[in-house]
Amino acid sequence: MSSSSSVSTLRDTLLDALSHLPGTREFHLHVLVTAPRKTASLFPFAHPRPRVYVQDILVLLSEQAAADEGGSGGPRKLVAALEASVYSVAATASAILYVSKLDSTGHAARPSPTYTLARTLLRFYADPGTRPVDARSLWIHTFARAQGQYLFPNSAEYEGKRPLSDVRLCAWWKRVFADVERDVRAAATTTGLYYVLPGYSEIDAVYALRTAGASRGDEAWTYGHPYSQTDIPLPCPGDGSGERNLGHLIPSFEDDPKSRFMDEMAYTTEGEIQSPQRKRQRTSTSSSQTHGESSSQTQGPLGELRKVLADEFWERMSFRQECVAGAVTGFFTLGITSDSGSGWRETPGAGQVPAQLNKRVLTTLTTGTEYSTEERTIRGTEIVEGAIRGLCEGIATVEYGEDVYGRSLPSFAQTFSGAHVPVSTSLRLPPLDTQRDKKRACPGLVHIKEEHDDDTSSGAPPPSSVRPPSKRRRVTISGAPHPLNTDVASPPADPASPTPISPVVMGFTVTRDNPTAIEKVKNMISVKQKQKALIEQRRGSLAGLDPVPAPRRPTRQP
């Protein structure tokens, strides 16, 4: 299936499943799926690190009360929300769906749509016929931990909300995974169900979940982790040697206890916790010996991740405080393989939103609203749905093969082949100024270059519309040399023509019959000669001193 219609298809699939709930009910659904982007957080301790793409999913479901006798319906109220992430590894044609949070407000009519919402979304990605990610194997992960609220602030204070206990929550997720596996079993090649309750043996875990109502399909479940089996390919490709360690086996998710445990193990060596080493700046003068010494330290996982096996890791998880702090928690995994799928499509599809938009909506939901009462829930629903409409209103859909102005783009073959590609006239460069080139080539002209104090290279506009006059610093005169007039003789016979004055030597018009004027000129020349002699004397006294080097202008390193 093309990724361009994945958002609308997911929304239609969820609405179709909700329409089968008993009774007459009116739902309003918002589905936000971000465009695929690169991430390095899935396998942070794998070397070499695989190329992974991630998409964030946020589903918000609101319900409107039935219409009264006057025909007007009641206000909308958010009833359920689901947050998930889809990871894809192109090297192994694998994908991972991680359900991070699922919450309800308690304002929905009976039966609650939360179970239908979760089961339909998992089945949509698990089924090879509807899966928008083009992958041959898919892994679905979730961590069950009972809390009063996850996504709706203060919803635990509402008297109509009845959160599940720790054991009942684990049983609820086990039933969801079992139903999804049964729905896609016919379309899949191989399926596998795995679960672990840290601190519980297999017999104790089966008994605890059976008493909570999770007794269907126990024969299809495997109590333990999926990292020792070989029927379903694991997402991380490994280091090429055929051996895998914890850095390649266990993925890291946000707000996941096993991810935090791996972080501690990565920087623990011989019983001591060490801080992460700072990255050294790459230099071009590194020798092969230094590279050989550092390669043995950077390849492979860090700390105890090199030594600990998967079985020992899950045994240690039983002693983690957040897993055995008086409450039952559970890790549930579903693996599916199929014959179709060849890798990830990197082209963003229609209907997908930027990651920042999804984050802003999630921030508005978790920090800008509360759901402790019915009035506050109605107000919070208006705020969240208004934020979604306001943020998504200005998003323009750009299909593949078009630029942001709606003009068609040439294909790869047209661009890099000898075929002619039409160019829009609006994108052409301005014509060259031939007259300016002719003037520059003429040697007889004098060009004056003026340098100002203001820096025009930065491109910053003046603070006002009226540009202040710039201060001239230097004037460079280029062109043919001009002879200087050094003739101080008598003026020409024509009295009407002015006496030429040189910019360097000045001539004085003196009549021979005026002895006073002649004496003044002689005195002035004498003063000039004395000044010149004094200057020459000072130059000679400074000749023995060391020359002071001129200051060098700082250069910017590339």
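Please keep in mind that the model is predicted. Helices H2 and H3 pack at about 40 degrees, while H6 and H8 pack at about 110 degrees.

- Strand E5 is the biggest contributor to the lining, with seven residues.
- By type, the lining has 17 nonpolar, ten polar and ten charged residues.

**Helices H2 and H3**

- The axes of H2 and H3 lie 9 Å apart, at an angle of about 40 degrees.
- That angle makes H2 oblique to H3.
- H2 and H3 cross in a right-handed sense.
- On the H2 side, the contact is formed by Thr114, Tyr115, Ala118, Arg119, Leu122, Arg123 and Ala126.
- On the H3 side, their partners are Trp172, Arg175, Val176, Phe177, Asp179, Val180, Arg182, Asp183 and Val184.
- Nine of the residues in this H2–H3 contact are nonpolar, one is polar and six are charged.

**Helices H6 and H8**

- H6 (residues 257-266) and H8 (residues 310-317) have axes 11 Å apart, and the angle of their packing is about 110 degrees.
- H6 is therefore roughly perpendicular to H8.
- The crossing of H6 and H8 is right-handed.
- From H6, Pro257, Lys258, Phe261, Met262 and Met265 meet Phe313, Trp314, Arg316 and Met317 of H8.
- The contact between H6 and H8 has seven nonpolar residues and two charged ones, with no polar residues.

**Backbone details in the loops**

- Histidine 47 and proline 48 are joined by a cis peptide bond, with omega near 0 degrees.
- You will find proline 48 in the loop that runs between strand E2 (37-39) and strand E3 (52-64).
- The peptide bond between arginine 110 and proline 111 is also cis, with omega at about -5 degrees.
- Proline 111 sits in the loop between E5 and H2.
- Alanine 93 is a residue other than glycine with a positive phi, near 50 degrees.
- The loop between strand E4 (76-89) and E5 holds alanine 93.

Definitions and conventions: Residues are numbered from 1 along each chain as its sequence is written. This is a predicted model: local features need pLDDT of at least 70, side-chain atom pairs count only at pLDDT 80 or more; totals for chains, interfaces and linings use all residues. Side-chain values use heavy atoms; hydrogens and water are left out. Axes are lines fitted to C-alpha atoms, for helices over the stretch in contact, and angles run from 0 to 180 degrees between N-to-C directions. Helices (H or I, at least four residues) and strands (E, at least two) are DSSP runs, numbered from the N terminus. Angles under 35 degrees count as roughly parallel, over 145 as roughly antiparallel, 65 to 115 as roughly perpendicular and the rest as oblique. A crossing is left-handed if the near helix is turned anticlockwise from the far one by less than a right angle, and right-handed if clockwise. Contact means heavy atoms within 4.5 Å. Ala, Val, Leu, Ile, Met, Phe, Trp, Tyr, Cys and Pro count as nonpolar, Asp, Glu, Lys and Arg as charged, and the others, Gly among them, as polar.
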